Each structure stands twice: as structure tokens, then as C-alpha cells.
Amino acid sequence: MALIQTAVAKRQIVPPFPETAGQVCAMRFSYAFASAPSANDIVELGVIPAGARVVDMILDTDDLDSNGSPTMTFDVGIMSGNFGDNDAARTCGAEFFSGSNAPQSGAVARPTLKTAFRTAATQADRSIGLKVAAAAATFVAGSVGLTVLYATP
């Protein structure tokens, strides 16, 4: 398993923060896969800023798997450890997407899990990870994006 960090995870890009209670901010996080990821690789894709909670999100991906079987799938969730820590032992949950098949054909997906809308605000920045749950049978280079809408309580 490899941990891949985006510019956001490396703190090179700072996401916006809601100015007032209840205000919604949106940020699109993305990563371009130039080479085939392995099963269980994790991309530290984005962040839920301290004091904010997820309101909604949209996953968009290119067709990253040109074969029919086995098929590439993603889990998207909150990562263990501290935001930005480059530690390959970190794990990724599936609170937002579990086994999403969006990368099989290039698709757009919205969360269908109730846990996606029940993440409470915390006092620390939290990493949003994208885990390759199943690797591509025939990998095709492309990008994945995650637009996260978050607000303060």
C-alpha cells in the first residue's frame, strides 16, 4: 500500500473556510493517475477544515479501467492520523463512498451512505482519503475529482 499526497495534503493549497455559521463552502480536490495504482493505495485527496462538517460531495472520475473484470472500485472516507502526516500506516474509511464503481466507466456519483451526511465537526482538520478498493484490470491514465461542500454548524 502506498500513501499518495496531493498539494492540499502537503499544505501547498489552503481551502476556503466558511465566514459565518451555516455558510457553505465548496472545494474541488483532484488527483491525476499517471500510472496504475495498486489495491489498497490511498490518495490523501482533501480536507475537512476544523470546525466544519460535510454537507454534500460529488465524485467525478475518468474511465480508469478499460476492462470488464475485475473492475476498479474506490472507497472515500476520513483517514486515520493527522491531516498531512506522510505515514504509510494511515488508513482510510468509507464514510462517503464504499466500493464506488465510478472509475469503471468514467462517471459522476453522489453519496448514498447516511454516514456521509452525519460527520460532525471536530476541532482538528481531517483528511479525506480515496482508497483503491479494487485495482483496475486494464488501467487507463486519468483523473479523479471530489467536490466537497462543507459548512460550520
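This briefing covers the sheet, the nonpolar core, the aromatic rings and a few single residues of the structure above.

The model is predicted: local features need pLDDT of at least 70, side-chain atom pairs count only at pLDDT 80 or more, and totals for chains, interfaces and linings use all residues. Residues are numbered from 1 along each chain as its sequence is written, and side-chain values use heavy atoms, leaving out hydrogens and water. An open sheet of four strands is described first. A nonpolar core and a cluster of rings follow.

**Sheet**

- Strands here are DSSP runs of E with at least two residues, numbered from the N terminus.
- Two strands pair if DSSP finds at least two bridges between them.
- Strands of a sheet pair through backbone hydrogen bonds, either parallel or antiparallel.
- The open sheet runs in the order β2-β9-β4-β7, and its pairing is antiparallel.
- β2 (24-33) and β7 (108-109) stand at the edges with a single partner strand each, so one side of each has no neighbour in the sheet.
- β4 (residues 53-61) and β9 (residues 142-151) are joined antiparallel by eight bridges.
- Within that pairing, M57 has V148 of β9 as its bridge partner, and L59 has L146.
- β4 and β7 also run antiparallel, joined by two bridges. Here L59 stands opposite A109.

**Nonpolar core**

- A nonpolar core is a set of buried Ala, Val, Leu, Ile, Met, Phe, Trp, Tyr and Cys residues joined through side-chain atoms within 4.5 Å.
- Buried means under 20% relative accessible area, exposed means over 50%, and partly exposed lies in between (1.4 Å probe, protein chains only).
- The largest core has 32 residues; L59, F74, F96, F97, L130, L146 and V148 touch the most other members.
- Two or more core residues come from each of β2, β3 (42-48), β4, β5 (73-78), β8 (126-134) and β9.
- Contact means heavy atoms within 4.5 Å. Beyond four places in sequence, F96 touches a set of residues including I48, V54, M57, V76 and L113.

**Aromatic rings**

- Rings of Phe, Tyr and Trp (its six-membered ring) pair if their centres lie within 6.5 Å; planes under 30 degrees apart count as stacked, over 60 as edge-to-face and the rest as tilted.
- The structure holds two aromatic pairs.
- Y31 and F33 form an edge-to-face pair, 5.0 Å centre to centre with 85° between the planes.
- Y31 is partly exposed at 23% relative accessibility, whereas F33 is buried at 4%.
- F33 and F74 are stacked, 6.3 Å centre to centre with 20° between the planes.
- This pair links strand β2 to strand β5, its residues 41 apart in the chain.

**Two loop residues**

- T6 sits in the loop between β1 (3-5) and β2. T6 is buried, at 6% relative accessible area.
- A polar side-chain atom of T6 lies 3.1 Å from the backbone oxygen of E44.
- Beyond four places in sequence, T6 contacts S30, Y31, V43, E44 and L45.
- P70 lies in the loop between β4 and β5. P70 is exposed, at 52%.
- Beyond four places in sequence, P70 is in contact with D65 and A137.

**Cysteines**

- A search of the whole structure finds zero disulfides, a disulfide being a pair of cysteine sulfur atoms within 2.5 Å.
- C25 is buried at 9% relative accessible area, and C92 is buried at 12%.

How values were computed. A polar contact is a pair of N or O atoms within 3.5 Å; within protein, one must be able to donate a hydrogen and the other to accept it, and residues adjacent in sequence count only if both atoms are side-chain atoms.
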